[in-house]
Amino acid sequence: MGLYRSDSSPQLWVRKQSRILDVALTRLRLGHTRLTAYLHRLGLSPDPYYPWCRTVEETIEHFLLDCPCFHSHRVVLRDRLVALGVSTFDLPTLLAAVGVHFLHQAAVLRLTCVFLKKCGQLPRL
Ligand SMILES: [Zn+2]
């Protein structure tokens with residue numbers, strides 16, 4: 001939880017139509033994914049890099065915030081967040097709608113899930 005929250009208070013949960021999205025969001029929140037940086041840490045991948053980003057470890061932060069492979073989907077996500085009045089683009093915002101007005105929290109999590117789905121990486125999360 002240290003990636004996006006500093007306490008264990010109850011958090012907003014938006015039930016998705018898809019179990020794979022529920023699982024992906026939960027794994028991202030817990031920091032236990034199949035991204036190569038984490039597989040490498042467990043000795044399950046020879047290196048921590050994603051094939052297209054050979055010099056940057058494939059962490060949750062890289063995947064969600066920086067990876068150029070998903071830039072176009074990220075631009076759409078950012079635009080939709082800005083339309084909701086959310087200008088912060090970080091893990092707490094994307095994974096738990098931290099700091100977002102309560103009326104928009106569910107929408108932020110839904111937009112994050114749309115991004116996750118469009119990236120086509122759900123089996124790796
Ligand atoms: Zn990358």
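This is a predicted model: local features need pLDDT of at least 70, side-chain atom pairs count only at pLDDT 80 or more; totals for chains, interfaces and linings use all residues.
Local features are described at pLDDT of at least 70, side-chain atom pairs count only at pLDDT 80 or more, and totals for chains, interfaces and linings use all residues. Residues are numbered from 1 along each chain as its sequence is written, and side-chain values use heavy atoms, with hydrogens and water left out.

**Stop 1: the zinc ion.** Select the zinc ion, then Cys53, His62 and Cys67. Their atoms SG, NE2 and SG coordinate the ion at 2.0 to 2.2 Å. Donors are N, O and S atoms within 2.8 Å of the metal (3.2 Å for Na, K and Ca); water is not among the atoms, so sites may look incomplete. Cys53 is in strand 2 (residues 53–57) and Cys67 is in the loop between helix 3 (60–66) and helix 4 (71–83), so this pair ties together parts that are 14 residues apart in sequence. Helices (H or I, at least four residues) and strands (E, at least two) are DSSP runs, numbered from the N terminus. Both Cys53 and Cys67 are buried, meaning under 20% relative accessible area (1.4 Å probe, protein chains only).

**Stop 2: helices 4 and 6.** Next select helix 4 and helix 6 (residues 105–119), which pack at an angle of about 170° with axes 10 Å apart. Axes are lines fitted to C-alpha atoms over the stretch in contact, and angles run from 0 to 180 degrees between N-to-C directions. The two helices are therefore roughly antiparallel, the term for angles over 145 degrees.

**Stop 3: Thr36.** Finally, select Thr36 in helix 2 (residues 36–41). Thr36 is buried, at 12% relative accessible area. Its side chain reaches the backbone oxygen of Pro48 at 3.1 Å.

Technical notes:
Buried means under 20% relative accessible area, exposed over 50%, partly exposed in between (1.4 Å probe, protein chains only). Angles under 35 degrees count as roughly parallel, over 145 as roughly antiparallel, 65 to 115 as roughly perpendicular and the rest as oblique. A polar contact is a pair of N or O atoms within 3.5 Å; within protein, one must be able to donate a hydrogen and the other to accept it, and residues adjacent in sequence count only if both atoms are side-chain atoms.
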